[in-house]
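Reader: I would like to learn how to read a structure, one feature at a time. Could you take me through this one?

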Amino acid sequence: MRSQTLNRWLDNRNVLGLLFMLPAAAILLVFLTYPLGLGVWLGFTDAKVGRGGGWIGLENYQWLWEDSVFRLSIFNTFLYTVVASVIKFVLGLWLALLLNRHLPFKSFLRAIVLLPFIVPTVLSAIAFWWIYDAQFSVLSWTLVKMGLIDEYINFLGEPNLARASTIAANVWRGVPFVAICLLAGLQTISPALYEAAAIDGATPWQQFRNITLPMLSPIIAVVMTFSVLFTFTDFQLIWVLTRGGPINATHLMATLSFQRAIPGGALGEGAAIATAMIPFLLAAILFSYFGLQRRKWQQGGADK
Amino acid sequence: MASVSLKQVRKSFGHTEVVHGVDVSIDDGEFVVLVGPSGCGKSTLLRMIAGLEEITDGEIYIGDRLVNAIAPKQRDIAMVFQNYALYPHMTVFDNMAFSMKLAGRSKREQRERVDEAARILGLEEYLERFPRQLSGGQRQRVAMGRAIVRKPQVFLFDEPLSNLDAKLRVQMRTEIRELHQRLKTTSVYVTHDQIEAMTMADKIVVMNGGHVEQIGSPLDLYDYPANLFVAGFIGSPAMNFLHGSLVTTTSGRAVRLAPDCTLAAGPTEEPDGRKVVLGVRPEHLVINGPAAAGVEAEVIVTEPTGADTQVFCRMAGREVAAISRERHLFAPTTRIRLDVMEGKACLFDPETGQRL
Amino acid sequence: MAEKEQREGMHYLESLPRRWVTVYIPLLLFLFVLLFPFYWMGLTAFKPDAELLSSGGNPFWVMEPTLEHFRKLFIDTSYPEWMWNTVIISVVSTFVSLAASVFAAYAIERLRFKGSRQLGLAIFLAYLVPPSILFIPLATMVFQLGMFDSRWALILTYPTFLIPFCTWLLMGYFRSIPFELEECALIDGATRWQILTRIVLPLAVPGLISAGIFAFTLSWNEFIYALTFISASENKTVPVGVITELVEGDVYHWGSLMAGALVGSLPVAVMYSFFVEYYVAGMTGAVKE
Ligand SMILES: Nc1ncnc2c1ncn2[C@@H]1O[C@H](COP(=O)(O)OP(=O)(O)OP(=O)(O)O)[C@@H](O)[C@H]1O
Ligand SMILES: [Mg+2]
């Protein structure tokens with residue numbers, strides 16, 4: 001009798017659903033939701049490493065607002081995100097289109113193209129660090145040999161050069177992701193559409209404009225949202241290559257937050273910087289969410 | 001084996017009611033077909049019998065047992081799905097033995113029962129194959145086999161043949177019938193194909209928009225449809241419906257379709273002048289030469305099928321179909337005369353659609 | 001992903017030189033740029049210091065390859081321990097996350113309990129929460145729970161990004177399994193648990209592999225939590241160890257650094273090479289919703 005009632009309970013969707021959700025929900029509530037709230041709260045305190053802080057209201061934010069390094073980091077973050085994302089999109093789409101052609105060793109090519117994405121970022125960043133080295137850079141060596149420059153370039157030593165170099169490394173890592181995702185999208189477009197268009201007399205460019213782009217746009221939106229979010233919150237690459245230098249020229253909000261909070265010990269201030277990223281992230285998510293909604297509506301909304 | 005009865009069964013999804021109080025009683029051993037147009041609630045009803053959908057209101061009995069709150073596995077039923085729902089990762093044998101495995105039956109019993117079912121269905125050679133290695137018809141048989149090894153009280157079928165090609169469908173139709181003759185298990189069979197319903201059923205339940213329109217044996221439904229919906233749904237090509245009003249002529253009661261164009265209606269109590277719909281099946285229209293009796297019509301097209309000839313023509317401004325065993329080959333616009341066979345006309349109320 | 005038979009179609013219209021200019025040359029350039037850092041990593045790892053620091057000669061080749069950097073890496077540093085830590089942490093957190101995700105995904109996608117749609121959305125949003133805004137509060141928690149500088153700190157925090165990802169991915173796989181299979185099993189007398197273990201899981205094996213190797217790669221590559229929560233050398237993971245321990249002051253041991261990066265990349269690269277299709281399916285599946 002007892003086991004029968006137990007079984008009845010277990011066959012109930014709501015009970016079983018809750019039971020199945022329990023492990024995941026417990027971990028996520030304790031280690032994701034709670035810290036998310038804790039982080040926001042820490043932003044309003046003067047917590048330091050090793051001692052809990054007291055409530056100081058908006059003081060951290062006021063202080064940050066006047067902090068030129070923080071403002072520079074916002075500028076850098078936007079510059080880094082926008083430039084890297086645009087380049088990743090253009091190159092990624094191009095690479096996807098190339099890989100979608102009739103090619104020998106197609107799946108092998110696809111496999112090795114993705115390598116930069118799967119290798120630990122920190123480890124590939126070390127390779128870039130070496131490639132960008134001021135004294136032994138192989139890039140400089142080549143350019144000198146080709147007679148294009150006279151002196152070795154200090155890739156990570158000049159503010160603007162450092163920005164460009166870090167963006168280049170980020171693009172190198174991100175292009176495969178964008179390309180392979182878009183390639184998956186391209187492969188779902190029926191060749192019959194292109195055949196119909198070719199018979200209608202469309203040029204390759206017109207086919208791209210009128211078939212490929214519209215059919216691909218939902219997946220472009222999703223992929224680019226991910227790409228923007230990951231670029232915006234990037235930490236590893238910068239930390240390995242420049243640690244935010246030279247003269248804070250490459251500090252992103254994430255790296256600044258780390259530097260202030262962990263080596264610097266100012267947990268409250270670091271948390272405030274991290275919290276300041278949230279509105280931007282939300283804006284990006286909402287932007288793409290509503291962008292997607294509109295697109296669905298334009299396409300009749302029938303198919304998902 | 002058991003009887004099944006549905007009493008005022010209702011089903012709502014959210015706020016929309018899709019089954020509006022259905023009463024059906026199915027006798028022990030009967031083969032009942034639920035038929036109706038797409039979306040009329042047949043599958044929903046079947047799934048409520050199976051216990052896959054909760055019953056919003058009303059009662060369902062299997063045998064003497066009220067099953068409203070009983071889980072599917074305890075209802076002692078078996079179900080065959082439209083897409084067969086074979087477990088893709090199990091061999092045919094394992095598919096068929098799965099329910100017995102879960103019930104903890106012995107290996108020997110599993111083997112015996114599966115072998116028996118396989119023999120009945122001609123699946124002996126395929127027991128070690130996976131579903132993906134079978135043809136559509138074979139998959140269909142495995143799905144049936146999985147149902148019969150359980151020796152359930154009731155078989156439920158949800159459009160089991162609609163994924164097969166036309167020829168195989170006819171063949172499987174016969175096989176399912178034969179199987180039923182042999183096992184005599186109460187069966188409820190859902191289809192939207194009225195020919196399937198006519199050929200297979202002991203009893204047909206015609207549904208429309210969540211209501212039962214009529215329940216009866218196939219020929220009863222064919223000959224005495226209760227309303228316009230059933231009349232139009234059963235039979236192919238469909239019954240001809242002609243609007244007109246009742247009159248009395250020298251040769252008996254008739255329906256006037258146009259000023260000087262009347263068709264015999266057979267005996268009826270209804271008064272002259274009443275507006276009616278005259279329903280005549282195509283094979284009950286007699287095709288006569290231009291000089292003979294009947295109403296004049298103009299041929300639109302003639303379609304010989306070999307066994308018979310379907311003639312579509314325009315009569316008093318309406319299109320009608322007639323079927324004849326003779327091999328007419330009328331050119332379009334040929335004038336012919338059509339007459340109703342005696343006693344074969346049905347009269348319906350144009351407002352309510354009910355038969356008069 | 002179904003590898004569709006690509007029709008040759010209208011390719012006959014394109015002349016070979018044209019194909020070289022529009023397809024092959026750009027593609028080769030892409031490949032060169034994407035792969036060069038790996039070549040450079042490998043080359044440097046085998047170059048003796050003398051060649052590394054001389055500005056003469058051809059830097060693109062190695063004259064006298066040496067294993068000295070690897071020897072130094074494995075003998076003089078805690079690299080083997082970092083490797084072992086990374087393996088343990090990645091494997092355990094992957095399995096924990098996968099187990100929790102299977103249940104969660106099944107519940108959300110198949111049990112359709114009250115509020116499951118909202119939970120599905122919440123899982124997706126959780127997937128978008130980046131570690132760089134969580135590491136500070138997590139650091140304080142890790143400290144208070146006394147897990148600072150222990151593997152547990154990472155094993156328990158990695159699931160915060162692994163579970164949302166795996167759940168989201170598995171939801172997609174579960175969705176593709178026809179409902180009728182489960183209904184049929186219900187009628188056949190299976191309990192929910194039996195349906196999950198005997199019908200759904202065997203059919204979702206490709207999804208489990210995708211989620212598993214992706215999760216493993218993500219944990220192997222994780223950096224910011226490992227950098228924040230671990231301080232003792234012998235407890236570090238490979239990415240953190242290489243970057244913090246192999247750099248002594250201003251003297252960069254490029255050879256050992258590259259050897260460390262190379263060896264640290266190998267496990268994921270090898271696993272990737274075996275499961276490319278699953279990996280790609282996982283990546284594109286998570287994006288395609
Ligand atoms: N889960 C559901 N939620 C909401 N509405 C539903 C659901 N299932 C079915 N319906 C609605 O109930 C009605 C009856 O559906 P049902 O599947 O029973 O039709 P059917 O007669 O089997 O049709 P078909 O011949 O196409 O299979 C339809 O209008 C359908 O839209
Ligand atoms: Mg149906």
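Reader: How far does a backbone N or O atom of Gly41(B) lie from an oxygen atom of ligand 1?

Author: Please keep in mind that this is a predicted model. In it, a backbone N or O atom of Gly41(B) lies 3.0 Å from an oxygen atom of ligand 1. Side chains take part too: an N or O atom in the side chain of Thr44(B) is 2.4 Å from an oxygen atom of the ligand, and a polar side-chain atom of Glu159(B) lies 3.0 Å from an oxygen atom of ligand 1. The residues that surround ligand 1 also include Phe13(B), Val18(B) and Lys42(B).

Reader: How do helices H2(A) and H6(C) cross?

Author: Two packed helices are described by the angle between their axes and the distance between the axes. Here the axes of H2 (residues 13–42) of chain A and H6 (residues 135–144) of chain C come within 8 Å and cross at roughly 105 degrees, which means that H2(A) is roughly perpendicular to H6(C). By class, this contact has 10 nonpolar, two polar and no charged residues; among them, Phe31(A) and Leu38(A) belong to H2(A), while Ile136(C) and Met141(C) belong to H6(C).

Reader: In what order do the five strands of the open sheet in chain B come?

Author: Strands of a sheet pair through backbone hydrogen bonds, either parallel or antiparallel. In this sheet the order is S15-S19-S16-S17-S18, with antiparallel pairing. The edge strands, S15 (285–288) and S18 (318–324) of chain B, each pair on one side only, and the twist from one strand to the next averages 45 degrees. Within the sheet, six bridges join S16(B) to S17(B), and Thr302(B) has Val311(B) in S17(B) as its bridge partner.

Definitions and conventions
Residues numbered from 1 in each chain as written. Chains lettered and ligands numbered in written order. Predicted model: local features only at pLDDT ≥ 70, side-chain atom pairs only at ≥ 80, totals over all residues. Heavy atoms only, no water. Axes fitted to C-alpha atoms, helices over the stretch in contact; angles between N-to-C directions. Helix = DSSP H or I, 4+ residues; strand = E, 2+ residues; numbered from the N terminus. Parallel < 35°, antiparallel > 145°, perpendicular 65-115°, else oblique. Contact = heavy atoms within 4.5 Å. Nonpolar A, V, L, I, M, F, W, Y, C, P; charged D, E, K, R; others polar. Pairing = 2+ DSSP bridges. Near = heavy atom within 4 Å. Polar contact = N/O pair within 3.5 Å; in protein donor to acceptor, adjacent residues only side chain to side chain.
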